[in-house]
Amino acid sequence: MILAITFSTPVKNCGEILGKPYIRVRIRRNTAAGLQTGAIYDAEFFTKTQAFQKKMTEAEVEAFLSTHAGKTFKNTVEKTDSEEITYMANRRGEIKVLHRKLSPQDDNNAHYNRRKQHILPEGQPVPFLAALGVMDANGKVLAQKYDKFRQINRFLEFIADILDDVTKLCVGNRAFSEERPLYIADFGCGKSYLTFATYYFLHELKHIPVEITGLDLKEDVVADCQELAEDLDYRGLHFAVGNIANASYTHEPDIIITLHACDTATDYALSYAVKHNARAILSVPCCQHELNLQLDAHRAEIADDSPFASLSRYGIIRERMAALATDAIRAELLEQQGYAVQVLEFIDMAHTPKNLLIRAVKKQLANEKAAQDSTRSAIRSQERTGVLLDSLHVSQTLYGLISGSGSRSNTPDCRCQ
């Protein structure tokens, strides 16, 4: 039985073969699927800037392996329940296959036999998850909360991926300490599943001194979260009532999190992050109404020979285009401010359409050439953004906030649950 496969080192024409220039593909058996006969593998396809997910059946996985191992991808590692198989291709296209038997004590094999590896593993009690009703006291994830459990673990993977970069940007070659902890702000924290998860992961599992502040407008929700933090003795986790637009912190946040802040509230959070020199940003936007309203009002201004003419004619397509354009503009604007930006799939589309996550990390410019390259990249980004806004005949809040030209919008601070 195939448990996991990792494809790497793509050939030059990988983009032509698979439709996108993937640099890595990772496929894992979803043991939570039990004995179901449908899609039982989770596949992730990575380009340099994006990640795509899909479900695959066992037959599809076997066909993909046969077609691409050692061919489209020069290095492929397959793990079964009994062995590790490595496919390697040389310059002449010759494929060498190596087999290594796995012992029962092999940690990775044991994990894959049981379930997908999670940062917060199922079956081990986690106090905050039990308190928030995600798992019971014995560590069993409640069936109706399994999607939330996966979402929490997925988000922690995003945090883990940027930890080294953020550490270097904040404290250089040293580690965070009690005197200089990692500072995080969560704008529009809501019920704070992910806020508690981030604290638990960093403080309890990684043993990193951290101070996290969750901000929300709902006083009762903030009070409940603060009470739970105190009950759990999470001394570095605090909650406050406040608005994104006028937030104030004793220490500037190193990481800013904004999840499901509605419409232009996301823009105000991103603007705050840029102006306060946040080292990293994790943002899941939602309810992008701003551009859609403008597109609806100015449909007549989009000429028939515009590439957007057909996309603007139909309401549901126009709405989706507006949401994608909004997030594309946000990503471009962050790149222009010196961030390395990725737009990633947060969770499976089957669970929610609000599944894009913008992850931005401040660039580390090691030398003059890197600085020049970054400047040229920013200029090209500015040109792309200008063309898109002009072609759609729209304005966008984050663009106004960063450029100093002001914004037409109010500053809502709701968060979808």
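## Basis and overall make-up

Helices (H or I, at least four residues) and strands (E, at least two) are DSSP runs, numbered from the N terminus. The model is predicted, and local features need pLDDT of at least 70, side-chain atom pairs count only at pLDDT 80 or more, while totals for chains, interfaces and linings use all residues. Residues are numbered from 1 along each chain as its sequence is written, and side-chain values use heavy atoms, with hydrogens and water left out.

The chain has 12 helices and 14 strands. Of its 417 residues, 49% are buried (under 20% relative accessible area; exposed is over 50%, partly exposed in between; 1.4 Å probe, protein chains only).

## Nonpolar cores

A nonpolar core is a set of buried Ala, Val, Leu, Ile, Met, Phe, Trp, Tyr and Cys residues joined through side-chain atoms within 4.5 Å. The largest one holds 55 residues, and Phe 128, Leu 129, Phe 155, Leu 182, Phe 196 and Leu 202 touch the most other members. Helix H5 (residues 146-171) supplies the largest share of this core, 12 residues. Apart from it lies another core of 37 residues, which includes Ala 185, Ala 269, Ala 273 and Leu 389.

Ala 269 and Ala 273 are also among the buried residues of H8. In this helix (residues 265-275), 10 of 11 residues are buried. Asn 277 follows H8 and has a positive phi, near 55 degrees.

## Aromatic pairs

Rings of Phe, Tyr and Trp (its six-membered ring) pair if their centres lie within 6.5 Å; planes under 30 degrees apart count as stacked, over 60 as edge-to-face and the rest as tilted. The count by this rule is 12 aromatic pairs. Tyr 22 and Phe 45 make a tilted pair, at 5.2 Å centre to centre with 55 degrees between the planes. Tyr 22 sits in the loop between helix H1 (14-18) and strand E2 (24-29), and Phe 45 in strand E3 (residues 41-46). Both Tyr 22 and Phe 45 are buried.

The ring centres of Phe 128 and Phe 196 are 6.3 Å apart and their planes lie at 15 degrees, so this pair is stacked. The pair joins helix H4 (residues 127-131) to helix H6 (residues 193-205) across 68 residues.

Tyr 314 is in the loop between helix H9 (290-297) and helix H10 (315-336). Tyr 314 counts as partly exposed because its relative accessibility is 42%.
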